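Here are some notes for a colleague who is about to work with this model. They are arranged as numbered points, to be read alongside the sequence and the coordinates.

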Amino acid sequence: MADQVKRPVKITETILRDAHQSLIATRMPTELMLPIVEKMDQVGYHSVECWGGATFDSCLRFLKEDPWERLRKLRAGFKNSKLQMLFRGQNILGYNHYADDVVEYFVQKSIANGIDIIRIFDCLNDLRNLETAVKATKKEQGHAQIALSYTLGDAYTLEYWEQTARRIEEMGADSICIKDMAGLLVPYEATKLVSALKAGSNLPIQLHTHYTSGVASMTYLKAVEAGCDIIDCAMSPLALGTSQPATEVMVETFRGTPYDSGLDQNLLAEIADYFRPYREECLANGLLNPKVLGVNIKTLMYQVPGGMLSNLVSQLKEAHAEDKYEAVLEEVPRVRKDFGEPPLVTPSSQIVGTQAVLNVLQGERYKMVTKESKKILSGEFGQTIKPFNKEVQKKCIGDVEPITCRPADLIPPQLDKFREECKEWIQQDEDVLSYALFPQVATEFFKYRQAQQTKVDVAAADTANKAYPV
Ligand code: CO
């Protein structure tokens, strides 16, 4: 090995975002993060993923925190490390398509408040839905990473991945990520996939997977051998299960090889020691369900994400039709085919899953059709890799003319309207973006924030009155 060229693997640490999103419903509060930031900053991670995804919603909705304030605090603590966020293309962090002015402003403010790397993805892998975010990131001098939602299916050949990598490089992105949200990528397929992406572009390749099916660390090993530059890992207290492979394990795996990350295991151990009591606390209070820590091989058998399987179970339970589970699992790939074989990731996973449940429960396919299914079949989410099933499309949307352009081209600017709607609550520029993404939740938060401030004012006035009696 001594004569081999050194190619140290780089590591993105996910404990402050995806790890706690995947294991404990995104509930880690900022105050738990801050005491360990200085130590994490010394590790030499490629980046620390700490924002975006579900953290934004969770801050406002459950933790009663301002997500922008969290970002600024993390930025102040991480003096050397690059901070990374997850961004859902034209959906930003929400579930609808937004106008370009909202996307651009969100990118601008994310970078202004401290984000270095923006990982941008689309549930259909329709690259047109990523264009605005990529351009905006480049304009703000950020690093624009395009993430491809990994999935299996007839259309997803190695040629497809290779060509897509080429198009991503042409779009001006800085790196490519394979986003394997379901843990479907098995080790030897990773070799082929990474080689295909490398053949298609000269960009750095990053791999993001989940341990759900139990193969993830082996997949990283094969991927890195095949040329993958960066892997996503989580510190061991919040690793494995539906989260990422453990940082310490991957560091140890590559030690003494040409891929040696060079990270200090002692320093990592101190960080793990910090988070371990939190893991115990989450196990004790039920936030961390031991069920999500096991191996779920069904995700590989049915090629659907673990989260989607549990959603199907609960939908069937509600309808008192748990005996239809197998029938629904067989219907999922058929609906997916009818809908142009999209990857199954938020929101396409929910749309396909719900429609499959309806098809089975109604005893007739597409007798009842959800609003979202109609939207997909009308092209409102963008273009799928394969054409829709024409008959199904006709049955679901009738004579409505489907759109073929980039969906956001049909959305007029929205920022002014949002500003007007929430003007009474605005205390900082960023508030309009919180409102744009989650109008009700953000308004509730703004009210809470104001009430807290009033309390503080009253307390301060009380203290002042006592100190200086009039
Ligand atoms: Co993930």
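1. The model is a predicted one, and its largest nonpolar core has 105 residues, of which Leu16, Met40, Phe87, Phe106 and Ile231 touch the most other members. Helix H11, which spans residues 265-284, gives the most to this core, contributing 7 residues. Apart from this core lies another, of 35 residues, which includes Leu124, Met308, Tyr325 and Phe381. As a general background, nonpolar side chains tend to be buried together in soluble globular proteins.

2. Surroundings of Phe106. Once residues up to four places away in sequence are set aside, Phe106 touches Trp51, Phe56, Trp68, Met85, Phe87, Ile92, Leu93, Leu433 and Leu437. Ile92 is found in the loop between strand E3 (83-87) and helix H5 (100-112), and at 0% relative accessibility it counts as buried.

3. The packing of H3 and H4. Helix H3 (residues 55-63) and helix H4 (residues 67-77) pack at an angle of about 115°, and their axes are 9 Å apart. On the H3 side the contact is made by Thr55, Phe56, Cys59, Leu60 and Leu63, which meet Pro67, Trp68 and Arg70 in H4. By class, the residues of this contact divide into 6 nonpolar, 1 polar and 1 charged. Phe56 and Trp68, which take part in this contact, are also among the residues that Phe106 touches.

4. The loop between H3 and H4. Lys64 has its place in this loop and, although not a glycine, has a positive phi of about 50°. Is Lys64 buried or partly exposed? With a relative accessibility of 30%, Lys64 counts as partly exposed.

5. The buried residues are Ala216, Ser217, Thr219, Tyr220, Lys222, Ala223 and Val224, and what covers them includes helix H8 (187-200), E7, strand E8 (230-233) and helix H10 (247-254). H9 is followed by Gly227, whose phi is positive, near 120°.

6. Arg279 and its contacts. Arg279 lies in helix H11 and, leaving aside neighbours within four places in sequence, is in contact with Ser236, Pro237, Leu288 and Leu293. The C-alpha atoms of Arg279 and Gln4, which are 275 residues apart along the chain, are separated by 40 Å.

7. A cis peptide bond. For anyone checking backbone geometry, Thr346 and Pro347 are joined by a cis peptide bond, with omega at about 0°. Pro347 is found in the loop between helix H14 (325-338) and helix H15 (348-362).

Definitions and conventions: Residues numbered from 1 in each chain as written. Predicted model: local features only at pLDDT ≥ 70, side-chain atom pairs only at ≥ 80, totals over all residues. Heavy atoms only, no water. Axes fitted to C-alpha atoms, helices over the stretch in contact; angles between N-to-C directions. Helix = DSSP H or I, 4+ residues; strand = E, 2+ residues; numbered from the N terminus. Contact = heavy atoms within 4.5 Å. Nonpolar A, V, L, I, M, F, W, Y, C, P; charged D, E, K, R; others polar. Buried < 20%, exposed > 50% of the residue type's maximum accessible area, 1.4 Å probe, protein only. Core = buried A, V, L, I, M, F, W, Y, C linked by side-chain atoms within 4.5 Å.
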